[in-house]
Amino acid sequence: MADSLLASSYGKFVLNDFEFFGDYVLPDEQQTPKALGTTITTANKDIDYTKFQFLVVVGANLDGFLGLAYPDFNVGQSSSDGATIIPLVVIDAGATPMADFPRVVAHELLHVRGIAGHANLLTFPSRTIGTFDLQLLSKPGQLNNSGNYALGDGGMVTQYGDCFDAMNSGFAGAHLNVVLKNQLGWLENRSENITKSGVYTIHPLESSGNGTVVLKVPWPGSTHRFAFYLEYRTITPNGTPEVQIRIGSDEHPYVGSWLIDTTITESKQGPSKGGKCSNYGLEVGKVFTDPNTGILFERLGDENGAASVRVVIP
């Protein structure tokens, strides 16, 4: 997990060694996440919590959640700056399979690090965004529920549906997508803002160095600073590299990211196409067009390990 976060952040998210203290047997009425954290810190008054990056508690009953994050947890100790505040992550040991622990812990650590939203999926049988109103994504009440909801033109929004990303279910070694990396400030000079038509190069998302790993194409007329984000993933569940297109907003980070399925047809149903994480992006020679704006993306060939993409902006 630590190595995966280090790689995904290009060396910016460094986890120190874990220090274990416990076990504890607590009455049922203390099994709520905050009560559990408070009880454990009270039982360990001799521990200096200021030396830790995070506090991770395993064993709480979270009523259906695998994990929860509390960025500003008061451990009940005084420091020179006042109360000691440390991010708290609580993992439900009964609901989380042992093999899934590293991913769930990483997911919650990324929440306390600053990611407010999740990695979601947009599917459209017409292979376009159709009449989908992006301003819908800026309505927190619509997004903060755990269910899916239908859109016009047969479209579907699937909460947590981006199976490539740690902020959904993810898979071993998965990098965060570029929308979320941008929100955390991990991209620095590796992002290129595209405002005119042309052929552009995207270096692999997993690569280190200074090459561009995201093309950002602003959504014309968006009142919430929405944009298309293009990235080139070379590590995928089925081993096929692809250029993926997502929607995100600099103004509203709580909406997370939205992977566009550029491949789905009426005969392919479900966000993971039969329960498996399938490719959703552009393979060589494929085109995605948005009829609302006329913006077009075409995946051209690869050169020197990077992907070439033609962008048309009317």
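Aromatic pairs, defined for rings of Phe, Tyr and Trp (its six-membered ring) with centres within 6.5 Å, number 5 in this predicted model. Planes under 30 degrees apart count as stacked, over 60 as edge-to-face and the rest as tilted. Residues are numbered from 1 along each chain as its sequence is written. Local features need pLDDT of at least 70 in this predicted model and side-chain atom pairs count only at pLDDT 80 or more, whereas totals for chains, interfaces and linings use all residues; side-chain values use heavy atoms, with hydrogens and water left out.

One of the pairs joins Phe-13 and Phe-54, whose rings are tilted, with 6.1 Å between centres and 55° between planes. Phe-13 belongs to the loop between helix 1 and helix 2 (33-42) and Phe-54 to the loop between helix 2 and strand 1 (55-58), so the pair ties together parts that are 41 residues apart in sequence. Helices (H or I, at least four residues) and strands (E, at least two) are DSSP runs numbered from the N terminus.

Phe-164 is buried at 0% relative accessibility, and Tyr-280 is buried at 0%.

Phe-13 and Phe-54 form one aromatic cluster with Trp-186. The charged end of Arg-113 sits over the ring of Phe-13 at 4.3 Å from its centre, the criterion being NZ of Lys or CZ of Arg within 6 Å of the ring centre and within 35 degrees of the ring normal. The charged end of Arg-190 likewise sits over the ring of Tyr-10, 4.8 Å from its centre.

Trp-186 is also among the contacts (heavy atoms within 4.5 Å) of Ser-8, together with His-175, Leu-176 and Lys-181, neighbours within four places in sequence being left aside. Ser-8 is located in helix 1 (residues 2-8) and is buried, with a relative accessible area of 3%. The side chain of Ser-8 reaches the backbone nitrogen of Leu-176 at 3.0 Å.

Ala-174, in the loop between strand 6 (156-158) and helix 5 (178-184), is buried at 8% relative accessibility. Excluding residues up to four places away in sequence, Ala-174 touches Ser-4 and Phe-164.

Key. Buried means under 20% relative accessible area, exposed over 50%, partly exposed in between (1.4 Å probe, protein chains only). A polar contact is a pair of N or O atoms within 3.5 Å; within protein, one must be able to donate a hydrogen and the other to accept it, and residues adjacent in sequence count only if both atoms are side-chain atoms.
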